Amino acid sequence: MLEVQDVVTAYGKIEALKGVTLRVGEGQITCLLGPNGAGKTTLMLTITGILKPRRGSVRFHDKDITGQAPGGIVRAGIALVPENRLVFPEMTVAENLRAGAYSRTGSAASEIANDMEAMYNRFPRLRERSTQMAGTLSGGEQQMLSVARALMARPKLLLMDEPSLGLAPMIVEEIFQIVRDLHKDGTSIFLVEQNAHMALQVAHHFYLLEQGRVTFDGTPGEMAEDEVIQRAYLGTRQTA
Amino acid sequence: MDFLLGLTQLIGVHTILGLSAYVVLLTGQVTIAQAGFFGIGAYIAAMLTTLAGWHIVPAMLVGASVAGVVACIVGFPALRVKGLMLVVATTAFGEFVRLFWFNFDYQIAKGEIMVGPEGGEGFKQIRYFPENGWTTGDVALFIWVILIAIMLALWWMDRSRAGAVLRAVGEDELAAQSVGINLTATKVTAFAVGGFIAGIGGGIYAHYTTHIEHANFSVLLATFAIAYPILGGLTNVTGTLFAVVFIQGILVEGLRFMGDWRNLLFGALIVVAMNVRPRGLIDERVVMIVGRAFSTRKGRADA
């Protein structure tokens, strides 16, 4: 459903993405692995239109969305859960959720209220804290709020940029359970992760991004067998 | 009595100026351009009433609209930069406007005297209020009606979708973009609305002082413009009003008996106030306490 073709994105002279090509299948969980500084977040920001690529194209449902404004891309059905959560700290939980529905100008207020209710049912802890400032939530709760805020746009494709970053192992489990639940409910997911072990349990397809280039493309089985990935990301002992 | 009315007028006009910066500050942008927009509104409104014989209300609206349009034009390039760079850019703009009026000459004969802006000499004889028989009290009332209208409009805006969008941009630009908010459009709109409000303030200011000159619209005034909402707190519009009363009413006027020591204390007291109330005079806690006081009173009345 999402096709990234030979995308080059640069910060000034430095090319963070040096011609990235990959695709995200409908109804799948696609995972992008890669070390720090590989360009994973840059790719996310390029897909969502926050950064403009220097070259290449991004197509969504066979429509070219390269270089469109972020608002248009959200309306087309792509929502981002940004790295480090980035909730609006001095707005209440409810206001954060409402902000997520910003681009839905066509929806009636009652429809948005229903969706908020659905978010509270999915994340009961957000209901308890609905009038609290988002900045006072714990890291895990903020991550849930960030996911819920993105879902308020009713995306067909959800981009998640390192949702497990800086969270305790138990909370990470919870986040990955959310990823599974969302997928079961029919949302396609493009997940950026450093936690390869967790990602192996949920993803259908893997890409490895290193220094702005895709260096691996394969299924979980192929990935688990790849020697380089084993050493660098899974930490399993070499058997030879 | 006239002294108190004069102070009321001053507080009203300065609150309008502060509110013009409040709108821009909500989006997280620091602007030193508000004195420039204030000056544009002042000169244009005064020229329309004095030279063209217009009624004050349309004259002020035209002056404010010009300030708003200029803000929109300046906003597009200026808002591409942030933080200190924006401070420099808006300061430069404010000085540009001030120096424009410093060099601007346009006088026509009215009876035996020449009226109109006269460069460095300023624009004298803005006699709309005395010529039309407005008393000081009328003028003060006029200012406060406008101020309250602006405060109600901004209060309503704050609680609407537009207010949420402005605050979202102010809190986190990347997050705001990720939910589809257009940063440039939001910032430029806030800048234009701020310019318009500053223009209204300038329009009234010109008429109640009857004499304006370029030096009135300096960086000092621009600093006051952002100091009010920052000192008052950005929780809601009443903070700005309280900050103006605190600075103009209590510090500037109330400490007059201290003579030259006043200026020293003035700065020190603002520093103290910001330390004691780092989130502004009217922060979330005050809002909550006041809100609770009102709700219990209502509860008792119902019982």
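Helix α2 of chain A gives the largest share of the lining of the second largest pocket, namely four residues. The model is predicted, with local features needing pLDDT of at least 70 and side-chain atom pairs counting only at pLDDT 80 or more, while totals for chains, interfaces and linings use all residues. Residues are numbered from 1 along each chain as its sequence is written, and chains are lettered from A. Helices (H or I, at least four residues) and strands (E, at least two) are DSSP runs, numbered from the N terminus.

**Second largest pocket**
- A pocket is an open set of points on a 1 Å grid over the protein atoms alone, where a 1.4 Å probe fits, with protein on both sides within 12 Å along at least five of seven lines; lining residues have an atom within 4 Å of a point.
- The volume, the space filled by probe spheres set on the points, is about 490 Å³.
- Of its 21 lining residues, A:P70, B:Q177, B:N182, B:L183 and B:T184 are the closest to the centre.
- At least two lining residues come from each of α2 (70-76) of chain A, and α8 (173-178) and α9 (183-209) of chain B.

**Helix α1 of chain A**
- Seven of the eight residues of α1 (40-47) are buried, so the helix is largely enclosed by the rest of the structure; buried means under 20% relative accessible area (1.4 Å probe, protein chains only).
- Among the buried residues are A:L43, A:M44 and A:I47.

**Sheet of chain B**
- Three strands form an open antiparallel sheet in the order β1-β2-β3; strands pair if DSSP finds at least two bridges between them.
- β1 (108-110) and β3 (123-124) are at the edges with a single partner strand each, so one side of each has no neighbour in the sheet.
- β2 (113-117) is joined to β3(B) by two bridges, and B:G116 stands opposite B:K124.

Conventions
Heavy atoms only, no water. Buried < 20%, exposed > 50% of the residue type's maximum accessible area, 1.4 Å probe, protein only.
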